[in-house]
Amino acid sequence: MSTSTNPKPKRRRRGPPKHGPTPTSPMVATVGAMVGHEVGGEGARRDARQAPPLARVVGTTARGISAGVEGARGAEGSASNAGRSAHDAGGVDGSYLTETRFDQCAISPLSLKGVKDAGYERMTQVQEATLPIILQGKDVLAKAKTGTGKTVGFLLPAIEVLSALPRSTSINLLVMCPTRELANQVAAEAKKLLKYHRSLGVQVVIGGTKLPQEQRSMQANPCQILVATPGRLKDHLENTPGFSTRIKGVKVLVLDEADRLLDMGFRRDIEKIIAFIPKERQTLLFSATVPEEVRQISHVAMRKNYEFINTVQEGDEETHSQVNQTYMIAPLDMHFSILYNVLKKHVAEDAEYKVIVFCTTAMVTKLVAEVLSQLKLNIREIHSRKSQSARTKVSDEFRKSKGLILVSSDVSARGVDYPDVTLVIQVGLPADREQYIHRLGRTGRKGKEGQGILLLAPWEMHFLSTVNDLSLSEAAAPSVDSSIQAVVNDAVRRVEMKSKESAYQAWLGYYNSNKAISRDKARLVRLAEEFSQSMGLAVPPAIPKLILRKMGLSNVPGLRSA
Ligand SMILES: Nc1ncnc2c1ncn2[C@@H]1O[C@H](COP(=O)(O)OP(=O)(O)OP(=O)(O)O)[C@@H](O)[C@H]1O
């Protein structure tokens, strides 16, 4: 067993992307019964400051990633192709695609027609790597960079498996997604691929919509493919007659954004759902990030002999080299002005601008959106406190448009495929390294250029140590002259008090749940006051007693209770 530790890769200077093959090919690691040993051998947790887990040979078998692909190319050709990163030289013409065409693969004519109509001709690296293995019936844990076609990577072979089954009203493929927007998007992709598979249908079940409506539509048209968010799926298991019987037909289970679905927030729901699904099934876990902890708990969902397919090759970063990543450090009370300045400059420079500004919580997102709207920028707002119909409307609009700034909570952090996002700004501490990578991954998709800016206060700088293996470099915060400051202050003043109170409360809750900051409550209170001042408030808002108690902050000096 290889127990090689991951050396910290050299920080790569930003600049033109590297070209030409790199020496290491992505590998398929046959994990088998070695999983337990591997965990012990590697130590309990990956040090966040170390390099991300890299493709490695765990068992005795390692293959180039293109095994089983039909066509003219030999194994040598595919292996060398596989060794290049999706952007650098994943295929010909410096594109993010490989040279392997879908029509060289063992897929049905009906799927092939759907793939063609969707406009896909050549495979991406992760598609090329996983298709043959999934078609062999194996469980797969796949890691590939953001925006490199993982959705088709799991849907296409799963549809192939389904098309060979006798026609039924059972659910044969269940795809779980962490957010509603992502579930809708996966279903839309499935519909494209199913265009000529007349006997297969797809349905979405997501929170925020009417349960009886979903129940009726399921009864009227029982589909073989179900895309769901965990909470709503549990609802159906508990409340929809016949649903638990239909779900016994699952042959393929997919956890999209697997690491998110298996983290503590979702794990219980997922475990309950899995308990209803037959053990004899194929399970596919896909994500752009697979922290060591996820590999350790993947037995929750997968058979022991699953295959880990990692298309992020050794020495490469988990983020795209064509995305320019910078961070800016500035006191909280400068954040609105800096944000305004950066956005104004970007809008002026790029007529086709399309920006996502990520904020820490739903209510902070609302506040930031309101401030930026006051500043006459073209703003849309999306977060969990919006109605689902408003979320869907904004999401659809942002997908199709240019010249828009989407201010978002983490509902847009993972998986959502908005084409041609020119800039991603993250304001305040990302929840963790993985979330930073996924948010950044909303830009630079399909090999395109992109830009990412992380705006932190000086006391948030500790986060940088968790991403120091990425090409993230410091940029000077733009200087803000007094006239801009006055305009921004005025905009902040015009935002309703209620939004500021909610934002303050949410801000406190968010940073209180961050271990590095919540350790010292007096400091937390001081920082919250800084945030309150940044909203132009002389005195921090009072917080309902019950909420303070829930946060474990009752009787903390400096916090006012209402
Ligand atoms: N073979 C292909 N050829 C061309 N475009 C493709 C191909 N496969 C997928 N795409 C397109 O690439 C885009 C990104 O795909 P997708 O959203 O599945 O990426 P992802 O790897 O799942 O990203 P994330 O990690 O952010 O979830 C989509 O617009 C999809 O339609």
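Ser-408 is found in strand β15, which covers residues 404–408. In this predicted model, Ser-408 is buried, because its relative accessible area is 0% and buried means under 20%. A second topic of this briefing is helix α21, which spans residues 521–534 and packs with helix α19.

**Surroundings of Ser-408**
- The side chain of Ser-408 forms a polar contact with the side chain of Ser-412, at 2.7 Å.
- Leaving aside neighbours within four places in sequence, Ser-408 is in contact with Ile-356, Val-357, Phe-358, Cys-359, Thr-365 and Ile-382.

**Helix α21 and its ends**
- Helix α21 has 14 residues, and from its first C-alpha to its last it reaches 20 Å, close to the 20 Å expected at 1.5 Å a residue.
- Asp-520 caps the N-terminal end of α21, with a side-chain oxygen 3.3 Å from the backbone nitrogen of Ala-522.
- Just after α21, Gly-536 takes a positive phi of about 80°.

**Packing of α19 with α21**
- Helix α19 (residues 497–512) packs with α21 at an angle of about 145°, and their axes are 10 Å apart.
- The crossing in which α19 passes α21 is right-handed.
- From α19, residues including Tyr-504, Trp-507 and Leu-508 take part in the contact, and they meet a group in α21 that includes Leu-524, Leu-527 and Phe-531.
- By class, this contact of α19 with α21 has 9 nonpolar, 2 polar and 1 charged residues.

**Buried residues of α21**
- The buried residues of α21 are Leu-524, Val-525, Leu-527, Ala-528, Phe-531, Ser-532 and Ser-534.
- Among the elements that cover these buried residues are α14 (335–349), α15 (362–374), α18 (482–494), α19 and α20 (515–518).

Note on methods
Residues are numbered from 1 along each chain as its sequence is written. This is a predicted model: local features need pLDDT of at least 70, side-chain atom pairs count only at pLDDT 80 or more; totals for chains, interfaces and linings use all residues. Side-chain values use heavy atoms; hydrogens and water are left out. Axes are lines fitted to C-alpha atoms, for helices over the stretch in contact, and angles run from 0 to 180 degrees between N-to-C directions. Helices (H or I, at least four residues) and strands (E, at least two) are DSSP runs, numbered from the N terminus. A crossing is left-handed if the near helix is turned anticlockwise from the far one by less than a right angle, and right-handed if clockwise. Contact means heavy atoms within 4.5 Å. Ala, Val, Leu, Ile, Met, Phe, Trp, Tyr, Cys and Pro count as nonpolar, Asp, Glu, Lys and Arg as charged, and the others, Gly among them, as polar. The expected span of a helix is 1.5 Å times one less than its number of residues. Buried means under 20% relative accessible area, exposed over 50%, partly exposed in between (1.4 Å probe, protein chains only). A polar contact is a pair of N or O atoms within 3.5 Å; within protein, one must be able to donate a hydrogen and the other to accept it, and residues adjacent in sequence count only if both atoms are side-chain atoms.
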